[in-house]
Amino acid sequence: MADLTRTAARVAGTVASTARVPIWLAGIAGADKSFSKNPILGSPTLNRLGLHVARVQLAGRMAEHRRARLAALIDLTDRAAFDRDGIVIKRDFLEPEAFRALKEEVFGRSFAARELRQGQAVQRMVPLGRDNLPGLPHLAALTRNPTLRGLTCYAASRSGEPVTYLQTVLAEPDGPDDPQTALHADTFHATTKGWFFLHDVAEEDGPFVYVPGSHRLTPERLAWERAQSIAARDAADSHHAAGSFRIRAEDLAALGYGAPVRVAVPANTLVIADTFGFHARAPSLRPSTRVTVHTYIRRNPFLPWTGLDPKALPGLRGRELSLYLGFQDLKRQLTGRGAPWRPVGPVAIDAPAQV
């Protein structure tokens with residue numbers, strides 16, 4: 001009877017795996033990055049033959065072509081800085097009066113928030129979109145700012161509707177390791193994250209760290225990507241196995257890159273970066289709180305066009321993050337699994353951590 005049960009379980013597993021093959025194949029043609037969840041992408045044999053490297057190269061070429069069509073969205077100075085470094089830093093982004101009004105709008109009120117603890121740091125998220133921006137005119141104006149949107153689209157190599165939210169990082173100097181403090185690339189293709197800082201971030205506060213030029217492929221980077229892909233499926237680091245490759249600072253020079261740069265900036269600074277480039281959050285040397293308006297775009301890297309974003313359609317525009325989180329809540333109720341962001345109710349954006 002036990003043998004019959006085991007045989008039935010193996011057959012059921014084989015049938016289920018076969019049924020998922022089309023999904024795994026579709027993921028290869030899209031933005032799938034996890035070597036542990038997609039067995040085709042995670043195959044050491046296929047990656048020895050160049051599967052991962054081919055995806056990286058094709059995604060890189062397509063990003064270059066899309067950026068060429070988006071070049072008019074940003075000025076020449078910003079474009080030169082981004083093309084060289086993969087990051088643009090713009091201090092005194094808003095006029096002083098506009099920045100003061102924005103801070104008055106954000107601080108001193110409560111928002112329905114979610115939190116995620118990673119090691120000694122807690123991130124707080126307040127989605128910004130059609131459901132709450134009408135009551136926040138200065139935040140709404142910032143999200144529509146043509147310079148911010150142009151830089152975000154150019155860095156992501158596509159236009160469309162960015163995801164925007166208020167982000168608070170509450171960091172302590174002691175505690176378990178925070179995975180965000182390890183140098184890493186978010187995924188295998190060009191994508192962007194941006195931060196408009198409402199607080200000063202000093203060297204002691206765990207600033208953003210970026211490796212200038214690491215958004216560009218070098219022959220050494222491609223060889224490194226190939227080596228990582230062959231072993232990634234069985235990597236001990238779950239983030240590495242999920243396709244967000246980690247790298248040691250001492251290995252950067254062998255890939256043709258320079259040293260990481262710590263982006264300690266005053267409030268009213270905008271930072272936009274391609275997070276295919278290696279980056280991290282430096283460990284905080286003292287208790288710190290910083291609030292930013294965070295924006296990102298991530299879409300299928302193999303689409304040739306820059307626009308045609310379905311999330312910009314009426315009824316979906318500005319609701320991507322809220323809809324995603326609602327779906328994850330439902331998934332957690334039904335299966336016990338879902339995104340780790342936990343609702344913490346209405347809180348001030350700079351309040352102490354709730355989780």
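A salt bridge is a side-chain nitrogen of Lys or Arg within 4 Å of a carboxyl oxygen of Asp or Glu. The exercises below concern a predicted model.

**Exercise 1.** Determine which interaction joins the side chains of glutamate 225 and arginine 221, and how the two residues are placed in helix 8.

*Solution.* 
1. The N to O distance between the side chains of glutamate 225 and arginine 221 is 3.0 Å, and they meet in a salt bridge.
2. Both residues belong to helix 8 (residues 219-231); because they are four residues apart there, about one helical turn separates them.
3. Buried means under 20% relative accessible area. Glutamate 225, at 2%, is therefore buried, and arginine 221, at 0%, is buried as well.

**Exercise 2.** Describe the pairing of aspartate 329 with arginine 332.

*Solution.* 
1. The closest N and O atoms of aspartate 329 and arginine 332 are 3.3 Å apart, in a salt bridge.
2. The two residues lie three residues apart in helix 10 (residues 320-335), so they are separated by about one helical turn.
3. Aspartate 329 and arginine 332 are both buried.

**Exercise 3.** Characterise the surroundings of glutamine 123.

*Solution.* 
1. Glutamine 123 is located in strand 3 (residues 121-128).
2. With a relative accessible area of 11%, glutamine 123 is buried.
3. Its side chain makes a polar contact of 3.2 Å with the side chain of glutamine 118, and one of 3.2 Å with that of glutamine 167.
4. Beyond neighbours within four places in sequence, the residues in contact with glutamine 123 include Arg114, Val169 and Trp341.

How values were computed
Residues numbered from 1 in each chain as written. Predicted model: local features only at pLDDT ≥ 70, side-chain atom pairs only at ≥ 80, totals over all residues. Heavy atoms only, no water. Buried < 20%, exposed > 50% of the residue type's maximum accessible area, 1.4 Å probe, protein only. Polar contact = N/O pair within 3.5 Å; in protein donor to acceptor, adjacent residues only side chain to side chain. Contact = heavy atoms within 4.5 Å.
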